[in-house]
Amino acid sequence: MRTDPPFSRWMVVGLCFLSQNMAIGFTFGSFGPLLVSTEAQFGISRSAATMGMSVLNLALGGLAPLLGGLVQKFPIRYTMSAGALISAVGYLGLSMLTYYPLSLAMFVLVGAGVSLCGVIGPLTLISRWFPTGRATALSIVNLPVALLLTPYIVGATLPDYGRSAILAAAAAIFIVLAAVFLLLRDHPQTSALLSRSRDNRADGSPHEPTLSARDILSSRPFWLVSLAMGLMAGTGTIFVVHIVPFGLGNGMDIQTASKLLSLYAGAGLLGVLLYGRVADWIGPVNAFVSTSFFQMVLWSALLVADTRSLFILSALMGVMQVPMSTLHGAALGRLIPVSSISRAMGLSYAIKLPFTFSFAVGAALVFEMSGSYVLPFALTTGLVAICCGLFLAVSLDLRAKPVMARTS
């Protein structure tokens with residue numbers, strides 16, 4: 001019998017960390033700092049330049065079910081390498097093109113790459129390699145280090161090197177990652193016997209059934225978690241988009257109000273590690289119940305907060321909100337067999353898309369109609385309360401019928 005040394009699992013964690021941080025951290029961390037240079041490059045308005053992020057998010061969510069199915073059918077070293085190469089083509093195109101409609105098409109490629117390398121691929125690998133301690137491993141993978149560092153790096157290098165050079169450098173990094181991902185293995189090789197008994201399936205799982213999309217979508221707990229996660233992600237976008245204007249409305253200047261968002265992101269690093277351990281201790285669904293309850297309290301507190309307390313509330317909100325992606329993956333790993341986790345994540349991400357796409361805009365419309373943030377934040381408090389109830393229903397389902405909840 002041949003077993004993998006323990007460090008081989010943490011090598012997988014390290015590669016997934018690099019993949020997730022480069023795919024998500026650079027993509028979302030660089031868009032804003034490059035926005036003005038994008039306007040100048042193409043001679044377009046601010047609203048037109050922001051369309052790239054909308055196209056990217058639509059591609060990320062819309063292609064997720066298809067890409068999740070491909071990850072389930074083909075070895076992950078090939079799908080993640082393909083995702084890195086797709087991202088490289090997208091960034092190279094963004095660095096070279098001068099016609100904006102074609103540039104928007106490149107954001108479709110970048111969105112597909114983010115889906116494979118930043119969402120589905122890392123979750124699938126961690127689910128296969130960590131039958132226990134999965135949430136802790138996912139918390140390390142999802143640490144938003146690049147999201148914190150990228151804006152500063154781009155801001156420092158943009159004046160000297162320009163937009164095209166930064167995007168071309170990103171393309172080169174993804175080409176290197178594509179080669180590195182070919183070293184990945186789908187599963188830990190615990191024995192030679194396991195290797196010979198893999199049933200010739202691409203995902204290499206010899207024991208668990210492979211669920212179809214219909215099987216997954218017929219699961220009540222899957223729908224409850226996906227809908228609740230969509231609501232939670234949508235309320236998270238409300239905070240990220242509106243907390244700075246909210247601070248301005250409370251008498252802060254722009255520099256001080258911007259610190260609210262920086263504090264949120266910084267505290268989120270601690271939150272990811274904290275809730276990774278909490279999820280392994282009490283279960284990811286129960287961790288969802290906990291964080292949604294505390295977020296409900298924090299949204300309520302925002303309604304009566306003064307200027308000084310906004311900094312404390314922003315930090316606490318970061319601790320509670322930033323770990324949501326980690327808990328999402330861990331919860332699906334609790335409900336869905338590992339052999340089908342990539343397909344499940346793709347479907348769940350598509351369900352989440354309408355909420356993340358519409359909630360921030362909806363909050364802005366309510367603000368414009370009411371003239372203050374009291375009503376939109378009160379409605380958000382109610383939505384988070386609904387999430388808490390949905391997660392609690394899943395927790396009760398798992399206690400009553402744990403096997404059914406996992407496979408039906």
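The model is predicted, so local features are taken at pLDDT of at least 70 and side-chain atom pairs at pLDDT 80 or more, while totals for chains, interfaces and linings use all residues. Residues are numbered from 1 along each chain as its sequence is written, and side-chain values rest on heavy atoms, without hydrogens and water.

The account starts with helix α1, residues 6-31, where S30 is placed; helices here are DSSP runs of H or I with at least four residues, numbered from the N terminus. S30 has a relative accessible area of 3% and is therefore buried (buried means under 20%, exposed over 50%, and partly exposed in between, with a 1.4 Å probe and protein chains only). A polar atom of the S30 side chain lies 2.6 Å from the backbone oxygen of F26.

Helix α2, residues 35-42, holds T38. Its buried residues are L35, S37, T38, E39 and F42. T38 counts as buried because its relative accessibility is 12%. The side chain of T38 makes a polar contact of 3.3 Å with the side chain of R163; such a contact is a pair of N or O atoms within 3.5 Å, where within protein one atom must be able to donate a hydrogen and the other to accept it, and residues adjacent in sequence count only if both atoms are side-chain atoms. After α2 comes G43, with a positive phi near 65°.

Helices α12 (residues 220-249) and α17 (residues 341-370) have axes that come within 7 Å and cross at roughly 35°. The axes are lines fitted to C-alpha atoms over the stretch in contact, with angles from 0 to 180 degrees between N-to-C directions. The crossing of α12 with α17 is right-handed, that is, the near helix is turned clockwise from the far one by less than a right angle. The residues of this contact comprise 16 nonpolar, eight polar and one charged; Ala, Val, Leu, Ile, Met, Phe, Trp, Tyr, Cys and Pro count as nonpolar, Asp, Glu, Lys and Arg as charged, and the others, Gly among them, as polar.

Within α17 lies A350, which is partly exposed because its relative accessible area is 25%. Its C-alpha atom is separated by 9.2 Å from that of S226, 124 residues apart along the chain. In the loop between α12 and α13 lies N250. The C-alpha atoms of N250 and L310 are separated by 9.5 Å and stand 60 residues apart along the chain.

Aromatic rings complete the picture. The count comes to 14 aromatic pairs, a pair being rings of Phe, Tyr or Trp (its six-membered ring) with centres within 6.5 Å. Ring pairs link F239, F246, Y264, W299, F367, Y373 and F377 into a cluster. The charged end of K352 sits over the ring of Y349, 4.0 Å from its centre (NZ of Lys or CZ of Arg within 6 Å of the ring centre and within 35 degrees of the ring normal). The charged end of R77 sits over the ring of Y78, 4.7 Å from its centre.

Note on methods. Phe/Tyr/Trp six-rings, centres within 6.5 Å; stacked < 30°, edge-to-face > 60°. Helix = DSSP H or I, 4+ residues; strand = E, 2+ residues; numbered from the N terminus.
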